[in-house]
Amino acid sequence: MSASVAVYRNIYTEDRFRQTYGTEAQSSGRERLRDRLAQRCRCSQVECVHLLKKRLPVCSWLPKYKLKKWLVGDIIAGLTVGIVHIPQGMAFALLTSVAPVYGLYTSFFPVVLYMLFGTGHHVSTGTFAVLSLMTGSVVEQLVPIPLALNSSSPEAAEFEAQRIGVASAVAFLSGIMMLCMCGLQLGFLSTYLSEPIVKAFTSAAAFHVTVSQLQSMLGLRLPRYAGAFSLFKTLASVMENLPHTNLAELVISLLCLAVLVPVKEVNSRFRKRLRTPIPIEIITVIIATGITYAFSLDSKYDIQIVGHIPAGFPEPRLPALETVPQIAGDTVAITLVAYAVSVSLAMIYADKHGYSIDPNQELLAHGISNTVSSLFTCFPNSATLATTNILESAGGHTQLAGLFTSLVVLIVLLLIGPLFYFLPKAVLACINVTSLRQMFLLFQDLPDLWRVSKIDFMVWLVTWLSVVVLNVDLGLAIGVVFSMMTVICRTQRASCSVLGRAANTEIYRSINNHNKCYEVPGVKILTYNGPIYYGNRSFFKAYMAQLLGLTPERIRSREKALKAKEKREREAISSVEQGVADSSFSSKNDLLRPEMSEGEVQSVLIDCSSVIFVDVAGARLFIQMCMECQKIGITIYLANCNESVLKILTSSGLMKYMNPQHIFVTIHDAVVYIQQQREKPPETNTTVWV
C-alpha cells in the first residue's frame with residue numbers, strides 16, 4: 001500500500017518564519033555569561049554532592065554495587081589481570097630502560113588511583129608497550145649507559161637512579177599536562193587522533209618494540225638507538241653482531257616463544273569457553289626462574305638476569321624535574337597517545353556494555369594517576385589493550401576489579417619480588433614480543449578500510465610507514481598532519497551539483513544521480529556540500545562560474561545588452577506617456593519585463609543546507625556573486641541557511657545587494673515563489689501546495 005502526503009501552507013521566507021515561529025529576543029552574551037557563571041558558582045549541599053560524585057566516581061558507583069551479582073566476576077577478573085601484570089610490568093620496564101621493579105610499581109599505584117577517579121568500568125591501567133617504548137627513547141637520549149659498565153658496580157646504581165628519575169619526570173609532566181587539559185576542558189583533543197591513526201601507530205610501534213627486544217633475546221649487549229631510522233639502525237647492529245649471540249639465551253628465547261605463542265593462541269580462540277585465560281606468562285616466569293637458579297645458568301653461560309628486586313614500597317621522591325625542558329616535546333606526544341588510547345578503549349567497552357564515560361574526567365583520572373605515581377618512581381602509564389581485554393572477557397563488571405588486581409601486585413612487591421632475582425631478561429623480552437599479538441593483527445582491518453574509505457586507508461598507510469621508517473614521535477606527528485590535510489583537501493574540493501525536482505513532489509536531488517529529476521525552467525538550483533571559507537572560496541567561485549557561465553566576456557556583453565535594453569525601455573515609456581504607444585506593448589509591466597530567451601537562467605537558487613559555516617572571505621564572495629549576477633540580470637535566492645551562516649552573511653552586508661525576502665526556509669518555498677513572481681505580481685498571502 002502506497003502512502004501519500006499533502007501539505008498546504010504559506011510560503012515562508014526566513015524573516016516570516018522567524019516572526020511566526022521564532023523565540024523571543026535572547027538575552028545578550030554578557031547576560032548569558034553572567035548567568036552561567038552564577039550557576040557554576042552556586043554553592044549548596046546538592047551541588048557539593050553532585051561535584052563529589054562527578055570528580056570522584058567511586059562515590060557514585062560503589063553505593064549502587066550489586067554484591068551478589070558482580071563480586072565474583074570482579075574478583076576473578078581482578079586476580080587474573082593482576083597475575084598478567086607481574087611479568088608484563090617487569091617486561092615493559094626493560095622496554096622503558098629501567099629496572100624491572102619499577103614496572104611492578106607502575107602496575108600498582110595507577111591501578112588504585114584509576115579505580116577511584118576513572119569512569120571506565122572495564123578499563124585496566126598500567127604499563128603499555130607503546131608508551132614504554134616512547135619513554136625509553138627519551139631515557140636513552142638523556143642517560144645513555146656505557147656498554148662496558150658492570151651491572152653490580154656503584155656507577156650502575158647511580159645510572160639507574162638517573163634513568164628512573166627521567167622516566168618519572170616524563171610521567172609527572174604528562175600528568176600535569178592532562179590535568180591542565182582537564183581544567184581547560186580539552187578532552188576533545190583526542191579526536192584529532194582518529195581511529196586509523198591510532199591503529200596504524202600502535203601496529204607500527206609493535207615493530208619497534210619487537211626489534212628493540214632482539215638484542216635481549218639473542219643475549220647481545222648493544223646500544224639503543226633513537227631518532228629517525230632507529231629501527232633500521234638497530235636491525236643493522238643486530239645483524240652485524242649475530243656472531244656474538246649467546247646460544248644459551250637464544251635457546252631460552254626459542255623455548256619461551258614455543259610455549260607462549262601457542263598458548264596465547266588457545267586463549268584467544270577459546271576465550272568464550274575458558275572461564276579465565278591460561279596465565280602462561282607467570283607460569284613461564286616461575287619455571288624459567290627456577291631452572292636458572294637450579295642450574296646456575298647466569299654464572300655458567302653469562303645469561304643476563306633481572307637481579308635484585310627490593311621488597312616493600314619505594315620512598316616518595318621528586319622526579320628529575322631539571323630535565324623538564326629537555327623532555328617537554330617528547331612528553332606532549334606521550335600524553336596525547338596515552339590519553340587517546342585510554343579514551344578509545346574506555347569508549348569501546350562503554351558502548352559494548354551500555355554506559356557512558358566522561359572524557360574530561362578520564363583526563364583527570366589519568367592525570368592524577370601519572371602525577372601521583374611519578375612520586376613513587378613510576379614511569380608513564382595508561383589503559384592497556386591486553387589486560388583490558390582480559391578484564392572484560394574474564395567477567396569484570398566494575399572498577400572494583402582494580403582493587404583485586406592491585407592486591408596481587410602488592411603481594412609480589414612485599415613478599416615474592418626478591419624471588420625473581422634469577423629471572424632471565426630473555427624471558428621478559430619474549431613476553432614483550434608475544435604481548436603485541438593484537439597490534440600485529442590490526443593489519444586485518446586494511447581490506448575493509450580500503451573498501452569503506454580509501455582516504456582513511458591512505459591515512460593508515462602513511463602513518464604506519466612514517467612510524468616504521470622514521471620514528472615513533474615523528475611518525476605520529478606526520479600521521480596527524482596528513483590526516484588533517486585530507487580533511488582540508490576534502491573541504492576545499494567539496495562537490496557542487498545542480499538539483500532537479502522530482503515530478504509532483506517537493507523533493508530536489510542532483511540531476512547527475514537522478515535522471516528522472518528535472519530542472520525547473522529558468523531556475524538554476526545549486527548545492528555545495530561543504531563550508532565556504534578562505535581555503536576553498538576560489539574553488540567555489542570556479543564551480544559557480546562554470547555552472548552559470550559567469551565569464552568576464554559574458555558579463556561585459558550582458559551589461560552592454562542590459563544598458564541598451566534599459567535605454568529602449570525609457571524611450572518606449574516616454575512614447576507611451578505621449579500617447580504614441582507601440583501596439584507590441586500592452587502595459588507598463590510588459591515593458592519592464594526582461595526579455596529572456598526560453599531556457600535561459602533568470603534566477604539562481606543556492607541550497608545552503610550542506611554549508612556548515614561561512615567565514616568573512618566566503619561572505620564577501622557571496623556579495624561579489626550577487627553583484628556579478630545583477631550585472632547580467634540574474635536574481636540570487638538562498639534556502640536552508642542555518643543560523644550561524646545567515647548571521648555572518650547578514651553582518652557582512654549581503655542584504656545591501658540582496659533582497660532579504662529572497663532567503664527562504666526550504667528550496668520548494670523559493671521555487672514556488674519564483675514561479676509565482678513570473679506568472680503574476682506578488683501578493684501578500686502566497687501559498688505552497690505539494
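**Figure 1. Overview of the predicted model.** Of the contacts between residues at least 6 apart in sequence, 82% join residues at least 24 apart, a contact being heavy atoms within 4.5 Å. This is a predicted model, in which local features need pLDDT of at least 70 and side-chain atom pairs count only at pLDDT 80 or more, while totals for chains, interfaces and linings use all residues. Residues are numbered from 1 along each chain as its sequence is written, and side-chain values use heavy atoms, with hydrogens and water left out. The secondary structure comes to 30 helices and eleven strands; helices (H or I, at least four residues) and strands (E, at least two) are DSSP runs, numbered from the N terminus. The protein has 690 residues, and 49% of them count as buried. Buried means under 20% relative accessible area, exposed over 50%, and partly exposed in between (1.4 Å probe, protein chains only).

**Figure 2. Helix α12 and its buried face.** Helix α12 spans residues 230–240, and S230, L231, T234, S237 and V238 in it are buried. Seen down the axis of α12, these buried residues fall within an arc of 130°, so they line one face of the helix; the arc is that of the directions from the helix axis to the C-beta atoms. An α-helix has 3.6 residues a turn, so residues three or four places apart point the same way. M239 and E240, on the other side of α12, are exposed. The cover over the buried residues of α12 includes α10 (195–212), α11 (214–218) and α23 (454–469).

Figure 3. Rolling a probe the size of a water molecule over the atoms shows where empty space is left. Four cavities of 30 Å³ or more are present in the structure. On a 1 Å grid over the protein atoms alone, a cavity is a set of points where a 1.4 Å probe fits but cannot get out, and lining residues have an atom within 4 Å of a point. Grid points are joined across faces, edges and corners, and a volume is the space filled by probe spheres set on the points. The largest cavity has a volume of about 150 Å³. It is lined by 14 residues, of which L133, H208, S212, Y225 and S230 are the closest to its centre. Helices α8, α10 and α12 each supply at least two residues of this lining. S230 is also one of the buried residues of α12. By class, the lining of the largest cavity has six nonpolar residues, seven polar and one charged. Ala, Val, Leu, Ile, Met, Phe, Trp, Tyr, Cys and Pro count as nonpolar, Asp, Glu, Lys and Arg as charged, and the others, Gly among them, as polar.

**Figure 4. The second largest cavity.** This cavity holds about 120 Å³ of space. Its lining has 15 residues, and V123, S124, L391, Q399 and G402 lie nearest its centre. The elements giving two or more residues to this lining are α7 (109–117) and α19 (401–416). Seven of the lining residues are nonpolar and eight are polar, with no charged residues.

**Figure 5. Salt bridges.** The whole structure has eleven salt bridges, each being a side-chain nitrogen of Lys or Arg within 4 Å of a carboxyl oxygen of Asp or Glu. R163 and E140 meet in one of them, at 3.1 Å from N to O. This pair links distant parts of the chain, with R163 in helix α9 (residues 154–183) and E140 in helix α8 (residues 129–142), 23 residues apart. R163 and E140 are both buried. R451 is bridged to D448, with the closest N and O atoms 3.4 Å apart. Both lie in helix α22 (residues 446–452), three residues apart, about one turn of the helix. R451 is exposed at 60% relative accessibility, and D448 is partly exposed at 43%. In the bridge between E519 and K524, the closest N and O atoms are 3.4 Å apart. E519 is partly exposed, with a relative accessible area of 34%, while K524 counts as buried at 14%. E195, K199 and D445 are linked in a network of salt bridges.

**Figure 6. The surroundings of C378.** C378 lies in the loop between α17 (359–374) and β3 (382–383). At 0% relative accessibility, C378 counts as buried. Apart from neighbours within four places in sequence, C378 contacts Y105, T106, F109, A167, S168, A171 and S373. The C-alpha atoms of C378 and A169 are separated by 9.2 Å, although these residues are 209 apart along the chain.

Conventions. On a 1 Å grid over the protein atoms alone, a cavity is a set of points where a 1.4 Å probe fits but cannot get out, and a pocket is an open set with protein on both sides within 12 Å along at least five of seven lines; lining residues have an atom within 4 Å of a point.
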